[in-house]
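Please read the following report alongside the sequence and the coordinates, which are shown first.

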Amino acid sequence: MAIVSPCYNEQAVLPLSIPRLLALLSELEQIHGCSGDSYVLLIDDGSRDLTWPLIKAAAEAHPGKIRGLRLARNAGHQYALLAGLEYVTNRCDAVISIDADLQDDLDALPKMIAAHRAGAEIVLGVKESRTVDPAMKKVTAAAFYKLMKLMGVNLVENHADCRLLSARALTNLAQFPERLLFLRGLQPLVHGRIATVHYHLSPRLAGESKYPLKKMLSLAWNGITSFSTVPLRLISWTGAIVCAISVVFAGVALVRTVLGQTLPGWASITVPLYLLGGLLMLSIGVVGEYVGKIFVEVKQRPRFLVDEVADDLLP
Ligand code: UDP
Ligand code: MG
């Protein structure tokens, strides 16, 4: 069992979170009989404060229980998390990811392990309430999940990056080689029984949020454009609608001509304007469809993931 936690400039948080994580680890070992090789992996995401010295000191003080990984530069939360997940792949039976500020409820972790023991390959932590989040974050998060749904992306609402992945889910995740990462979107594709554990979000232990609005918007934009080609299709649909409007205008012009109410120049300007505009959008949309196919191909996502093999059934 491994607990991975990305840390970016978390010198204020680590002295408080490390003892809590260690206590939790021994509790998990006792209650659930996790194997001796259970540890906390702290990933320093290119911090510029005392985060790394603190991690190294903790690793020396608690050999085997605290491990550290330092990234060469600030790669971002998702990549720091991925670095941790890659490190533990093939080295643990299950991994739980949790933010270093321990905003996610530590009591949820034993529940996650229980759900895993009951057969779930992936257990997602879901925030039941966001009372501690600033109003701006609440609004943008709600809008983001609505937009993702509209774009046809299958996400569990209010699931943050606190989750348990079984060894098998980790191996499957390793088969997604895409560079632009949005782990929350990948979970449903990774295959395996998914369970959820709900909890209330707490305030940060210390320090400030490392996720300003700019980073949040960039994560959301990446989430949409990495998982959906719906925006491209919207261009085609808009083009088709504009073309249809031009046909309506042509009909109006015809009726006016029959009624003798011709407005000189109106039809010859309006109809081609809408028709050409619509056709242009439609053709961009069609080109977009091909670009969308290229986009799907270059991701080189696995085309299938094997669930089980029953070799004995073969002759
Ligand atoms: N984090 C990271 N790299 C970054 C930004 C954040 O590893 O570039 C870590 C951070 O240390 C924390 C987690 O990601 O453990 C979530 O960040 P934070 O708590 O600041 O975000 P919020 O909870 O405010 O959304
Ligand atoms: Mg936080």
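The report below treats domains, annotated segments, the nonpolar core, the ligand shell and backbone geometry in turn.

## Domains and annotated segments

The model is predicted, and the domain assignment of its protein chain gives domain 1, made up of 2-130 + 158-208 + 302-310, together with domain 2, which covers 230-299. Taken over C-alpha atoms, the centres of domain 1 and domain 2 are separated by 50 Å.

An unreviewed UniProt entry places the feature "transmembrane region" at residues 234-259 and at residues 271-291. In the model, the chain over residues 234-259 is 96% helix and 0% strand, with its end C-alpha atoms 37 Å apart. Over residues 271-291 the chain is 100% helix and 0% strand, and here the end C-alpha atoms are 30 Å apart.

## The largest nonpolar core

The largest nonpolar core has 52 residues, and those that touch the most other members are Ala-2, Val-4 and Val-95. When neighbours within four places in sequence are left aside, Val-95 is in contact with Ala-2 and Val-4, and also with Leu-85, Val-88, Leu-165 and Leu-170.

## The shell around ligand 1

Ligand 1 is surrounded by 16 residues, of which the closest are Pro-6, Tyr-8, Asp-45, Ser-209 and Lys-210. The elements that give two or more residues to this shell are strand 1 (2-7) and helix 3 (77-88). Sorted by class, the shell around ligand 1 has 6 nonpolar residues, 5 polar residues and 5 charged residues.

## Positive phi in two loops

Most residues other than glycine have a negative phi. Against that background, Leu-102, which is not a glycine, has a positive phi of about 50°, and this residue sits in the loop between strand 4 (94-97) and helix 4 (108-117). A second case is Asn-158, also a residue other than glycine, with a positive phi near 65°; the place of Asn-158 is in the loop between helix 5 (135-150) and strand 6 (159-166).

Note on methods:
Residues numbered from 1 in each chain as written. Chains lettered and ligands numbered in written order. Predicted model: local features only at pLDDT ≥ 70, side-chain atom pairs only at ≥ 80, totals over all residues. Near = placed C-beta within 6 Å. Helix = DSSP H or I, 4+ residues; strand = E, 2+ residues; numbered from the N terminus. Nonpolar A, V, L, I, M, F, W, Y, C, P; charged D, E, K, R; others polar. UniProt positions renumbered as here; feature names shortened; annotations may be inferred. Core = buried A, V, L, I, M, F, W, Y, C linked by C-beta atoms within 7 Å. Buried ≥ 20, exposed ≤ 12 C-beta atoms within 10 Å, placed from the backbone. Contact = placed C-beta atoms within 7 Å. Domains from an automatic or database assignment.
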